[in-house]
Amino acid sequence: MNKLMNMFDWIYRLLYLNALWVLFTLAGLGVFGLFPSTVSMFYVANEWVSGNKDIPVFKTFFTKFKEEFLRSQLLGILLTAAAGLLYFNLQFFFQKGGTFFFMLRYLMITVGFLFIIMLPFMFPLFVQKRLSLREFFKNVLFVSITRIFHSVMMVGGCLTIFVVFTKFAGLFIFFFGSAMAFWLTWNTKVAFHKIQQKRTVYQ
């Protein structure tokens with residue numbers, strides 16, 4: 001009975017958090033609301049995964065939405081610009097022949113791979129410590145490279161969640177964002193724990 005109640009409790013939590021994510025994204029006209037609401041959602045997920053299950057969800061979400069509005073917009077601009085630049089460079093280099101463009105093509109593929117394995121850690125790490133963007137990206141790169149298995153597993157999990165949820169429209173609308181946030185946050189905690197264990201061994 002307790003396990004059943006716990007399951008329904010988590011269903012409610014994820015449903016409520018996803019609803020806040022959607023509502024605040026729409027309140028910001030999509031473009032201006034997406035990244036602040038995503039950061040707020042990951043902050044709440046991080047608190048839950050850390051064991052702080054009794055936090056006031058709406059108040060916490062709204063506070064972080066206001067506090068991180070500008071900083072999260074900057075993160076969103078950088079990520080969108082990087083993704084767009086990678087896409088157009090790959091399109092351009094694959095249309096060209098010759099050794100020089102061949103080398104550039106595979107350089108861009110390598111950069112694209114690094115970008116993809118960094119993405120799962122972006123928001124979970126963004127909400128954990130308030131760092132300068134330079135230090136933040138250095139940390140993300142370090143964690144994603146040293147825990148590359150986790151990176152690949154997290155990307156695979158996100159794709160699985162997306163495919164499953166697109167087959168069931170109700171799940172996609174009501175749980176997609178919060179389920180993704182919980183999955184990535186939990187795996188980031190595990191990755192950090194593994195890194196700390198290795199540091200302890202080698203000290």
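**Surface patch, helix packing and salt bridges**

Helices α7 (148-167) and α8 (169-202) each supply at least two residues of a nonpolar patch, helices being DSSP runs of H or I with at least four residues, numbered from the N terminus. The structure is a predicted model, in which local features need pLDDT of at least 70 and side-chain atom pairs count only at pLDDT 80 or more, whereas totals for chains, interfaces and linings use all residues. Residues are numbered from 1 along each chain as its sequence is written, and side-chain values use heavy atoms, with hydrogens and water left out.

The nonpolar surface patch covers about 520 Å² and is made by Leu15, Phe162, Val163, Phe172, Ile173 and Phe174; patches consist of residues with over 30% relative accessible area and no salt bridge, nonpolar side chains (Val, Leu, Ile, Met, Phe, Trp, Tyr) being joined within 5 Å and like charges within 9 Å. Helix α8 gives the most to this patch, with three residues. Val163, found in helix α7, is partly exposed at a relative accessible area of 44% (buried means under 20%, exposed over 50% and partly exposed in between, with a 1.4 Å probe and protein chains only).

Helix α4 (residues 69-94) and α5 pack at an angle of about 155 degrees with their axes 10 Å apart, which makes α4 roughly antiparallel to α5. The axes of helix α5 (residues 99-126) and helix α6 (residues 133-146) come within 8 Å and cross at roughly 120 degrees, so that α5 is oblique to α6. Axes are lines fitted to C-alpha atoms, for helices over the stretch in contact, with angles running from 0 to 180 degrees between N-to-C directions; angles under 35 degrees count as roughly parallel, over 145 as roughly antiparallel, 65 to 115 as roughly perpendicular and the rest as oblique.

The structure holds five salt bridges, each defined as a side-chain nitrogen of Lys or Arg within 4 Å of a carboxyl oxygen of Asp or Glu. Among them, Asp9 pairs with Arg13, the closest N and O atoms being 2.9 Å apart; the two residues are four apart in helix α1 (residues 2-27) and therefore separated by about one helical turn. Asp9 is partly exposed at 30%, whereas Arg13 counts as buried at 12% relative accessibility.

Glu68 and Arg130 also meet through their side chains in a salt bridge (2.8 Å, N to O). Glu68 lies in the loop between α3 (57-67) and α4, and Arg130 in the loop between α5 and α6, so the pair ties together parts that are 62 residues apart in sequence. Glu68 counts as buried at 8% relative accessibility, whereas Arg130 is exposed at 59%. Glu68, Arg71 and Arg130 are linked in a network of salt bridges.

Methods. Areas by Shrake-Rupley, 256 points an atom, 1.4 Å probe, with all protein chains shown as cover.
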